[in-house]
Amino acid sequence: MMAMVRTVRAPRAALVAQRARQDDERSFERFFLTHYERVVLIAYRVLGDRAAAEDVAQEVFLSFHGRGDPSSDWAAGWLWAASAHGALNIVRGSRRRRDRELRVASATYAPGPEDGAIAAEQRAVVRACLARLPQRQAEILVMRTSGLSYADIASAVGVQPSSVGTLIARAQKSLRKELSRAQTSL
Amino acid sequence: MPKHPSDGTLRRLLDEPVAVAVVDEDHATRCMRCQARTSLMRQDDAALTLALDSHVEVAPAVALERLRTAERVAPALASARAPGRRGREAVLGRPRLRRPILRPTTVITSVLVLMGGATAAAATNLVPIFEPESVVPVVIQAGDIVGLQALSRFGTVTGTSKLDLTPESSAGALASAAGFSLPTVTVPSGLPTGSPSYWLVSPESAQLQISVAKAQQAAIKDGNSVPPAPPGVDGSVLQVATGPGALELWGLQLPGFTGGSDRLFGGSSSSASSGSGGSTGAPASTGNTAQVSDLPQLAVAEVKGPSVSSSGVDLSALESYLLSQPGISSQLAAQIRAIGDPSSTLPIPVPPGATSSSVNLNGRTAVVLAAGGDGNAVVWAENGRLFAVLGQASASELIDVARQIA
C-alpha cells in the first residue's frame, strides 16, 4: 500500500512542479511582451542604434529571467534602470574615444536647432555629455525622456516620487554644464 | 511673496502639475524669477528630447524567440547573471576580498557630514543634497574630530566606513565591474613601468542618526558643554555613499598600503579606531608608524561620490549645531562655513604637517597635497565623482598624470 502511495505521489509532485514552471514561464513571457518595447526604447535613446538597443534589452531580460519575480513591485523598475545602465555602460566603453568623438562633434554643435533636424554630430555631443554624467543622473534623464512617470523612475532608482523632481533638475543642470563645457573646450 | 519653490518642485510642475501644491503653482505662475527658471528647464527638455532618438520599431514576439534561442545556446547565462533586489546589485554584486584600505574618502566624507550641506530638504525621505563638483582644502588641527566612526559621539553610525577593494585581472575587467573605465595614462619616466594592478572600489554607505542626548553625554564626559540643538536636529539622518570606484596601482602590492594612505590623508585610521563608543572622538594625529615604502609609487583612482542624502532636517541648523561642538576647532569651523557652495564643494582635509595648493587641470581646479616624505596627492571632483592621483612621485609628476585624466 505504501509503495502504491509513493508511486502515485511522486508523479503528482513532478506534475505540480512542472505546472509551476509552466506558470512561471507564461508569467515571464507576459512580462517580456509587456515591457520589451519600453526597455528597447530606453536603450535606444542612449545608443541611437536599434540592434545595439535590442542586444541590451536581451541582456537585461536574460539577467532577470529565472531569478526575478515578474509579479514583484520592483520588477519593471529594475528592467528600466538596467536598460539605461547597460546602454550608458556601452557609451562609456572608452572615455578617451568618446572624448575624441566629443571634440570632433562639438565643432558642429549649435543649440536650439530651429529647423528641427538634429545632425548626427549633435546627437553624438549630447550622448557623450550624457555619458559623462554621474550614472544615476544619466539614468534618470534617459528614463524621463523615455516617458516614464515620476512613480516609475522612483521605483527604478529606489527613491520616493517626491524626490524625483529634484533629481531630474539636478541632472539637467549637470548636463547643461557638460554641454557648455563641450562648446567652450573648442 | 511666498518662498520660491525648489527646482524639484518646478520640475514636477512641468512634468506632473497635478502633483504640485496649488500655492507653488500660483507662485510659479506669477513670479518672474520662477518663470525664468522654468523657461530654462523647458530649454533643457527640448535640447535633450530633440537630440535623443525617440522612435524605434520592435517585434516583441520575435525578440522573445531570440531570447529563448540564446537561453538554449547558453543555458547557464541566465542563472549566472540573475538580478538581486536592484539592478545595481546585479551589476555590482561581486564576491569581494575584505581588505579595508585607502581611507581618504572616509575622512573626506566625515568632514562632509560635519559640514552638513546648504539645502534645506523638506521631504521626509532621504533626499540627495550633495554631489561633489569641486574641491577645496580645509586644514585639520591636531585635536579636530575627523573620521566617520568618531562621529558616533553625535549619534548612531550604521553601515561601513571602509572601502573594500576587489582585485581585477585587467583594465577591461575593472571597467566592466566599475561601470566606467579609467583612461590610460603615460607614467612619467623614473616611475615603475609596465601594467598596474587593478582594483575595484566597492560601493559603501553609512548613516549617522543624530542623538542630541548622546552628544551632550560625550561633551559632559569631556568636561565641556554643548549648545541646545535646534528643532528637528535630534533624530535626523544623514547618509553618505561612496563608490563604486576604480583604482590602478604602480609599484606596490596592496597589503602594506593601509598605513600609507591614512598618513597621506590625515590620520583617519586613528579616527576609525575610536570605536562605536566614541566618547572622546578621534583627534587628527601626526603619530603614524607606516613606512614610506607603504605608499605606491603612483596610484590613480576614480570613485563615485561621496554623496550625501538627508532625512529632511534643516541643514543650516544642523551645520551650525555640529560645528559648535567641542572637538571642532574654530579654525576648521570657519573654513567649512566659508565654503561658497557646500552642496557641491567637497572639503579635502589637509592633515597637520602637510601643505596644500591649487592647480588648474584643463579648466578644473584640483587640490595638491604635499606631505613631504609621506607622499603627494592631486585631488579633484567632477560630476559627482572624486578623482585622485597620489603616491611617492613628486607633485609635478602627479600633476602631469592628472592632466591626462581631467
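**Notes on a predicted two-chain model**

1. Reading along its sequence, chain A runs α-α-α-α-α-α-α-α, with 8 helices and 0 strands. Helices here are DSSP runs of H or I with at least four residues, strands are runs of E with at least two, and both are numbered from the N terminus. This is a predicted model, in which local features need pLDDT of at least 70 and side-chain atom pairs count only at pLDDT 80 or more, while totals for chains, interfaces and linings use all residues. Residues are numbered from 1 along each chain as its sequence is written, and chains are lettered from A and ligands numbered from 1 in the order in which they are written.

2. A word on the overall figures for chain A. Of its 186 residues, 50% count as buried; that term asks for 20 or more other C-beta atoms within 10 Å of a residue's own, against 12 or fewer for exposed and anything in between for partly exposed, with C-beta atoms placed from the backbone. Among the contacts of chain A between residues at least 6 apart in sequence, 66% join residues at least 24 apart. Two residues are in contact if their C-beta atoms, placed from the backbone, lie within 7 Å.

3. Helix α3 (residues 75–91) of chain A is worth a look. Its 17 residues should span 24 Å at 1.5 Å a residue, and the end C-alpha atoms are 25 Å apart, which agrees; the expected span is 1.5 Å times one less than the number of residues. Because 14 of the 17 residues of α3(A) are buried, the helix is largely enclosed by the rest of the structure.

4. Next, a helix pair in chain A. The axes of α6 (residues 135–145) and α7 (residues 150–157) come within 10 Å and cross at roughly 150°. Axes are lines fitted to C-alpha atoms, for helices over the stretch in contact, and angles run from 0 to 180 degrees between N-to-C directions. On the α6(A) side, A:Arg136, A:Glu139, A:Ile140, A:Met143 and A:Arg144 take part, and they meet A:Ile153, A:Ala156 and A:Val157 of α7(A).

5. Chain B brings in strands: it has 14 helices and 15 strands. Buried residues make up 49% of its 406 residues. For contacts in chain B with a separation of 6 or more, 80% come from residues 24 or more positions apart.

6. The open sheet of chain B has 8 strands in the order β4-β5-β8-β9-β15-β14-β13-β12, with antiparallel pairing. Two strands pair if DSSP finds at least two bridges between them. At the edges stand β4 (165–168) and β12 (355–361), each with a single partner strand, so one side of each has no neighbour in the sheet. On average, neighbouring strands of this sheet are turned by 20° against each other, direction ignored.

7. B:Leu165 stands opposite B:Val201 in β5(B). B:Val201 counts as buried because it has 25 C-beta neighbours inside 10 Å. Its C-alpha atom is 9.1 Å from that of B:Pro167, 34 residues apart along the chain.

8. What about β15 (residues 385–391) of chain B? The strand is mostly covered, with 7 of its 7 residues buried. B:Arg385, B:Phe387, B:Val389 and B:Gly391 point one way, and B:Leu386, B:Ala388 and B:Leu390 the other. β15(B) pairs in the antiparallel sense with β9 (residues 298–304) over 6 bridges and with β14 (residues 376–382) over 7 bridges. B:Phe387 has B:Glu302 opposite it, and B:Trp380 also stands opposite B:Phe387.

9. Some backbone details are worth checking by eye. Most residues other than glycine have a negative phi, and most peptide bonds are trans. B:Asn383, in the turn of the β14(B)–β15(B) hairpin with 2 residues between the strands, has a positive phi of about 50°, and is partly exposed with 19 other C-beta atoms within 10 Å. B:Asn362 also has a positive phi of about 50°; this residue is exposed, with 11 other C-beta atoms within 10 Å. A cis peptide bond joins B:Gly243 and B:Pro244, with omega about 5°, and B:Pro244 lies in the loop between β7 and β8 (245–250) of chain B.
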